[in-house]
Amino acid sequence: MVLLDLQKAFDTVDHSILMCKLKAIGLGQDIIHWFYSYLSCRKQLVDISGTQSTLAKVTCGVPQGSILGPLLFLIYVNDMSAVVKNKLLLYADDSTILVSHSDCSVVEQQLSKDLQSVSEWLIDNKLSLHLGKTESILFCSKPKLKSNPSLNISCNNTSIQSTASVKYLGATLDQTLSCEGMVMNVIKKANSRLKFLYRKRKYLTEHTKKLLAFSLIQCHFDYACSFWYHALTKQLKSKLQVTQNKLIRFVLNLDYRTHIDNYHFKTLQWLPVDKRVEQIVLCHVFKIKNKLSPEYMKEHFIIQNSLHSYTTRFSADGCFAVPRVGSFGKKTFSYVGCSLWNSIPSDIRNSTNIVMFKTKIKHHLLSTI
């Protein structure tokens, strides 16, 4: 994978090119004139302690911090995929190119070609690639890493840095996808914020402590957990649970040696880490099944009855076909999601809205601990 780094991406969007792209996606002339009026005739200045610079006209770029800014930038870069032969993941200015092959030299060759094509496309669209900050990473098993620890990729006669770990959209990815770095970051943030809350505990009621613990700390356990949790070793999962137990002791004002059991979870109406991950995964699957998520999410989620010309017991209950995968594939979101979905009672699967589903699935998971 190559992680692209664009220089001043939002600030360098060319207005005339953007108008052409708006027209190309089917917007009418009146709407295009409105957008041009919205972007043109803007001015800026620098204010330092009341001393202001002269006004300067803004000739390019979309307003950062606005609602329309990211949307317009996405439209601007949306056709980048036309010049990439392999898989391109577009997320505003955080984009990546993915190549999968058993031969490392083929991966290097294809990534270099696509990177060169992207660089030329960016120049044509008056954007620029920061090659010094663009990174590459090779994902493979530990034995293969010994023979090929890094990638040798270049663009415009500049070598791209190959790293053992990258951060993409807030998630830390290592070469073996063990997600150890992600877990250690979560534990570090949780412990740091918990220490802060302990210093303020005399001012907090139990309800306030619960609210702060959930909003300031639990969110780090939840972020992207459907991707990284099932790849963890038992030891790392245990460390996460130990950290959550500290959180419970803080909220319930318990001694640090107190054993945390099911009673404490049910008192707080909290789920243990593994059950909380199951809840989040199942909510994602509910959205996929009920077309509340992006289209690409349903690629690996196929209802049983679409595989047969006849109705089966599982298809009538809205079960998914579980993918046939190897041991590593059993850690993926699609496999875990389908397996968990098929294991829950049919009355929960057939919930009519997401609020009802969240309530039912939480009660169900609490009853299993």
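Relative accessible area sets the burial classes: buried is under 20%, exposed is over 50%, and partly exposed is in between, with a 1.4 Å probe and protein chains only. The model is predicted: local features need pLDDT of at least 70, side-chain atom pairs count only at pLDDT 80 or more, and totals for chains, interfaces and linings use all residues. Residues are numbered from 1 along each chain as its sequence is written, and side-chain values use heavy atoms, with hydrogens and water left out.

**Aromatic rings**

Rings of Phe, Tyr and Trp (its six-membered ring) pair if their centres lie within 6.5 Å; planes under 30 degrees apart are stacked, over 60 edge-to-face, and the rest tilted. The count is 11 aromatic pairs. One of them joins F214 and W270, a tilted pair with 6.1 Å from centre to centre and 45° between the planes. This pair links distant parts of the chain, 56 residues apart. F214 belongs to helix α7 (residues 206-222), while W270 is in the loop between α10 (262-268) and α11 (273-289). Helices are DSSP runs of H or I with at least four residues, strands are E runs of at least two, and both are numbered from the N terminus. F214 counts as partly exposed because its relative accessibility is 34%. W270 is buried, at 5%.

Ring pairs also build a cluster from F286, F301, F320, F333, W341 and F357.

Two charges sit over rings. The criterion is NZ of Lys or CZ of Arg within 6 Å of the ring centre and within 35 degrees of the ring normal.

| Charged residue | Ring | Distance to ring centre |
|---|---|---|
| R42 | Y38 | 4.9 Å |
| K209 | F250 | 5.3 Å |

**Packing around α11**

Axes are lines fitted to C-alpha atoms, for helices over the stretch in contact; angles run from 0 to 180 degrees between N-to-C directions. The axes of α11 and helix α15 (residues 354-367) come within 10 Å and cross at roughly 150°. So α11 is roughly antiparallel to α15. Angles under 35 degrees count as roughly parallel, over 145 as roughly antiparallel, 65 to 115 as roughly perpendicular and the rest as oblique. Contact means heavy atoms within 4.5 Å. On the α11 side, the contact residues include F286, and on the α15 side they include F357.

α11 also packs against helix α13 (residues 333-343), at about 90° and with the axes 9 Å apart. Therefore α11 is roughly perpendicular to α13. F286 is among the α11 residues in this contact, and F333 and W341 are among those of α13.

**Two threonines**

T233 lies in the loop between α8 (225-228) and α9 (234-252). It is partly exposed, at 45%. T233 and V336 are 103 residues apart in sequence and 16 Å apart in space, C-alpha to C-alpha. T368 is in the segment after α15, and is partly exposed at 40%. T368 and K275 are 93 residues apart in sequence, with 9.0 Å between their C-alpha atoms.

**Positive phi**

Most residues other than glycine have a negative phi. K8 has a positive phi near 45°. K8 sits in the loop between β1 (2-3) and α1 (15-24) and is exposed, at 64%. K126 has a positive phi of about 60°. K126 is in the loop between α4 (104-124) and β8 (135-136), and it is exposed at 51%.
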